[in-house]
Amino acid sequence: MTNNNENNSHNFWSGFALGAVAGGALMYMFATERGRKSLTSILANAESLEHNIEDVLDMLQKQDLFKDTK
């Protein structure tokens, strides 16, 4: 019975710590000027990421790197 209580306590503190880190990161991103600049930069790069991935996949397919060599 004590093992179950210890496991529940561990899960609570792990979840609490993860929530605190995520909350702190969100507060930094939205509450500070430097965080908003970082968030804007991340979002701008994320929009072009889709096109970059497609270009890389096209390049790799042209080089036949995905070809089976059995």
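Me: Is E54 buried, partly exposed or exposed?
Reply: In this predicted model, E54 lies in helix α2, which covers residues 33–62. Buried means under 20% relative accessible area and exposed means over 50%, with partly exposed in between. E54 has 40% relative accessibility, so the residue counts as partly exposed.

Me: Which residues form a negative surface patch?
Reply: Asp and Glu count as negative, and a patch takes residues with over 30% relative accessible area and no salt bridge. E54 has 40% relative accessibility. The negative surface patch is formed by E50, E54, D55 and D58.

Me: How many salt bridges does the count come to?
Reply: A salt bridge needs a side-chain nitrogen of Lys or Arg within 4 Å of a carboxyl oxygen of Asp or Glu. The side chains of E33 and K37 meet in this way, at 3.6 Å from N to O. The count comes to one salt bridge.

Me: What separates E33 and K37 along helix α2?
Reply: The side chains of E33 and K37 meet in a salt bridge. The two residues are four residues apart in helix α2, so their separation is about one helical turn.

Me: Is E33 buried or exposed, and what is the relative accessible area of K37?
Reply: The cut-off for exposed is over 50% relative accessible area. E33, at 52% relative accessibility, therefore counts as exposed. K37 is exposed too, with a relative accessible area of 56%.

Me: How are the planes of F12 and W13 arranged: stacked, tilted or edge-to-face?
Reply: By the ring rule, the count comes to three aromatic pairs. The rings of F12 and W13 have their centres 4.9 Å apart, and their planes stand at 75 degrees. Planes over 60 degrees apart count as edge-to-face, so the pair of F12 and W13 is edge-to-face.

Me: Why is the pair of W13 and F16 given its class?
Reply: W13 is exposed, with a relative accessible area of 52%. The ring centres of W13 and F16 lie 5.5 Å apart and the planes are at 80 degrees, so this pair is edge-to-face.

Me: Where do W13 and F16 lie?
Reply: The two residues are three residues apart, about one turn of the helix. Both W13 and F16 lie in helix α1, residues 2–31.

Me: Which residues do ring pairs link into a cluster, and what is the area of the nonpolar surface patch?
Reply: Ring pairs link F12, W13 and F16 into a cluster. F12 is partly exposed at 48% relative accessibility, and F16 is partly exposed at 49%. F12, W13 and F16 also make a nonpolar surface patch, with an area of about 380 Å².

Me: How many helices and strands does the protein chain have?
Reply: Helix α1 spans residues 2–31, and helix α2 spans residues 33–62. The protein chain has two helices and zero strands.

Conventions:
Residues numbered from 1 in each chain as written. Predicted model: local features only at pLDDT ≥ 70, side-chain atom pairs only at ≥ 80, totals over all residues. Heavy atoms only, no water. Phe/Tyr/Trp six-rings, centres within 6.5 Å; stacked < 30°, edge-to-face > 60°. Buried < 20%, exposed > 50% of the residue type's maximum accessible area, 1.4 Å probe, protein only. Patch = residues over 30% accessible without salt bridge, like charges linked within 9 Å, V, L, I, M, F, W, Y side chains within 5 Å. Areas by Shrake-Rupley, 256 points an atom, 1.4 Å probe, with all protein chains shown as cover. Charge placed at Lys NZ, Arg CZ, Asp CG, Glu CD.
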